[in-house]
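Dear colleague,

Please find the structure below, handed over for your records.

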Amino acid sequence: MAVLALKVLDKNGKTICVSRGEDFVSLVCTAQYQEGDRIVLETSEKNIYVMLQMDDAMGIAFCYITGNVSFAIPFGEKRISYSPKAFYGNRHYLCARTAREDEIRAYRNLALNVYDQHGDTGCYPHATANVETRGESVFAARNAIDGVCENRSHGEWPYESWGINMQDDAEMTLDFGRTVEAEKIVLYTRSDFPHDNWWRQVKVTFSDGSETVWDLEKSALPHVLEFEKKKINSLRLSDLIKADDPSPFPALSQIEVYGYNCRG
């Protein structure tokens, strides 16, 4: 049994509202968020699976929690990579509960985490990259695991993507935070043609030491790579080879990784 606490804190760490419960907690915040506010999930147990909702407009996410989670409510430039309905107004419903065994064992997209952010958030899966175009939120690595697969434009939500700032050595790492058994990867490469270029080849390196070179084509449709099941805790996309096209702007709208959580 895990004791869960949801809190909304202001920029000075003062508690705006809080709620606690055993294996389940819900919180209604009737304040309009201000810049610097944070949502915190505290848990008495580490390394657990949690169904987490930090905003009712973003829905519930299946997450692996390694410790307390701190989520900075986005404002300003960071806000435009989220739905305009998210974190808006003066009535917010938040909740968290420990995941059921059937949810943990279910076949799922292991990469999905709508609440991923920069830094060590204690909430997995987590996406990082060695470059994000101009440091702008609409080109952050987290956009590639937020569940939004729209890839026919670029910029503000729902067209956010991982942008590589035209760097040939760009890499993105997806960390699951635990061991999973994966068997399929799906890529939605950004396809805002003719603005965009595309990758004709990428390399996927798995944490078990194996790797594969994946040939892609110019398409707005999902690219699917199926492989023999691998027990991994992370993977990396690298060696992103652009097509011979005048545009210097390839990008990734979404990555999905399908399989199971490993138990015991």
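**Salt bridges and a buried arginine**

Arg 105 and Glu 101 lie four residues apart in helix α1 (residues 101-105), so about one helical turn separates them. The model is a predicted one, and in it these two side chains form a salt bridge whose closest N and O atoms are 2.9 Å apart. Glu 101 is partly exposed, with a relative accessible area of 35%.

The structure holds 12 salt bridges. Another of them joins Arg 134 to Glu 136 at 2.6 Å, N to O. Arg 134 is exposed, at 59% relative accessible area, while Glu 136 is partly exposed at 24%. Shared partners also link Arg 97, Arg 100, Asp 102 and Glu 103 into one network of salt bridges. Within this group, Glu 103 meets Arg 100 at 3.3 Å, N to O. Glu 103 is buried, with 10% relative accessibility, whereas Arg 100 is partly exposed, with 43%.

Arg 178 presents another case. This residue sits in strand β13 (residues 172-189) and is buried, yet has no salt bridge. The nearest side chain of opposite charge belongs to Asp 175, 7.7 Å away; a salt bridge would require the charged atoms to be within 4 Å.

What does the side chain of Arg 178 reach instead? It makes a polar contact with the side chain of Asn 261 at 2.5 Å, and it reaches the backbone oxygen of Phe 176 at 2.9 Å. Beyond its neighbours within four places in sequence, the contacts of Arg 178 include Tyr 49, Phe 62, Tyr 64, Leu 110 and Tyr 124.

Yours sincerely

Terms used. Residues numbered from 1 in each chain as written. Predicted model: local features only at pLDDT ≥ 70, side-chain atom pairs only at ≥ 80, totals over all residues. Heavy atoms only, no water. Helix = DSSP H or I, 4+ residues; strand = E, 2+ residues; numbered from the N terminus. Buried < 20%, exposed > 50% of the residue type's maximum accessible area, 1.4 Å probe, protein only. Lys, Arg positive; Asp, Glu negative; His and termini not counted. Polar contact = N/O pair within 3.5 Å; in protein donor to acceptor, adjacent residues only side chain to side chain. Contact = heavy atoms within 4.5 Å.
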